Amino acid sequence: LFIKLKECDISSYKIKVDNIVSQSTLQKLREGKDVSTKSIGALCDVLNCQPGDIMEYIPDDNEK
């Protein structure tokens with residue numbers, strides 16, 4: 001996600017100021033925590049991309 005944001009010249013500040021997702025959601029993304037599909041959709045809309053372009057499934061150790 002953050003690579004795609006940089007490629008599109010969109011800062012985390014702009015995401016926050018334009019109320020695309022909240023600061024707490026951005027922090028969750030930085031930490032690799034769960035976020036809602038609504039947040040993923042909002043980011044994809046701004047970045048004009050599909051969810052697979054900004055995220056990757058990595059199983060938890062407990063799921064292996």
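**Figure 1. Salt bridge between glutamate 31 and lysine 33 in the predicted model.** In this predicted model, glutamate 31 pairs with lysine 33 in a salt bridge, and the closest N and O atoms are 3.0 Å apart. Glutamate 31 is partly exposed, with a relative accessible area of 43%. Side chains of opposite charge can pair when their charged atoms come close.

**Figure 2. Salt bridge between lysine 14 and aspartate 18.** A search of the whole structure gives two salt bridges. One of them joins the side chains of lysine 14 and aspartate 18, with an N to O distance of 2.5 Å. Lysine 14 has a relative accessible area of 39% and is therefore partly exposed. Aspartate 18 is also partly exposed, at 40%.

**Figure 3. Confidence of the prediction.** The mean pLDDT of the protein is 92, and 97% of its residues reach 70 or more. Confidence is highest in helix H4 (residues 37-47), with a mean of 96. The lowest value is that of helix H2 (residues 12-17), where the mean is 91. Where pLDDT is low, the predicted coordinates should not be read in detail.

Figure 4. Lysine 4 belongs to helix H1, which spans residues 2-7. Its relative accessible area is 21%, so lysine 4 counts as partly exposed; the cut-off for buried is under 20%. Not counting residues up to four places away in sequence, lysine 4 touches Leu47, Cys49 and Ile54. Lysine 4 and cysteine 49 are 45 residues apart along the chain, and their C-alpha atoms are separated by 9.2 Å.

**Figure 5. Two loop residues with positive phi.** Most residues other than glycine have a negative phi. Aspartate 9 is not a glycine, yet has a positive phi of about 55°. Aspartate 9 is in the loop between H1 and H2, and counts as exposed at 71% relative accessibility. Asparagine 19, not a glycine either, has a positive phi of about 55°. The loop that holds asparagine 19 runs between H2 and helix H3 (23-31). Asparagine 19 counts as exposed, at 64% relative accessibility.

**Figure 6. Cysteines without disulfides.** How many disulfides does a search of the whole structure find? The search finds zero. Cysteine 8 is in no disulfide, and the nearest cysteine sulfur, that of cysteine 49, is 7.3 Å away. Cysteine 8 is partly exposed, at 32% relative accessibility. For cysteine 44, the closest cysteine sulfur is again in cysteine 49; the distance is 4.0 Å, which is too far for a bond because a disulfide needs the sulfur atoms within 2.5 Å. Cysteine 44 is buried, with a relative accessible area of 7%.

**Figure 7. The largest nonpolar core.** The largest nonpolar core has 14 residues. Those touching the most other members are Leu1, Leu5, Ile15, Val21, Leu43, Leu47 and Ile54. H3 and H4 each supply at least two residues of this core. H4 gives the most, with four residues. In soluble globular proteins, nonpolar side chains tend to be buried together.

**Figure 8. Contacts of isoleucine 54.** Isoleucine 54 is among the core residues that touch the most other members. Leaving aside neighbours within four places in sequence, isoleucine 54 is in contact with Leu1, Lys4, Ile40, Leu43, Cys44, Leu47 and Cys49. Lysine 4, one of these partners, lies in helix H1.

**Figure 9. The buried side of helix H3.** Which residues of H3 are buried? They are Thr25, Leu26 and Leu29. These residues cover an arc of only 100° around the axis, so they lie on the same side of H3. H1, H2 and H4 are among the elements that cover them.

**Figure 10. Serine 39 in helix H4.** Serine 39 is part of helix H4. Is serine 39 buried or exposed? Serine 39 is buried, with a relative accessible area of 11%. Leaving aside neighbours within four places in sequence, serine 39 is in contact with Val21 and Thr25. Thr25 is one of the buried residues of H3, while Val21 is among the residues touching the most other members of the largest nonpolar core.

Terms used. Residues numbered from 1 in each chain as written. Predicted model: local features only at pLDDT ≥ 70, side-chain atom pairs only at ≥ 80, totals over all residues. Heavy atoms only, no water. Salt bridge = Lys/Arg side-chain N within 4 Å of Asp/Glu carboxyl O. Buried < 20%, exposed > 50% of the residue type's maximum accessible area, 1.4 Å probe, protein only. Contact = heavy atoms within 4.5 Å. pLDDT = per-residue confidence, 0-100. Core = buried A, V, L, I, M, F, W, Y, C linked by side-chain atoms within 4.5 Å. Arc of directions from axis to C-beta.
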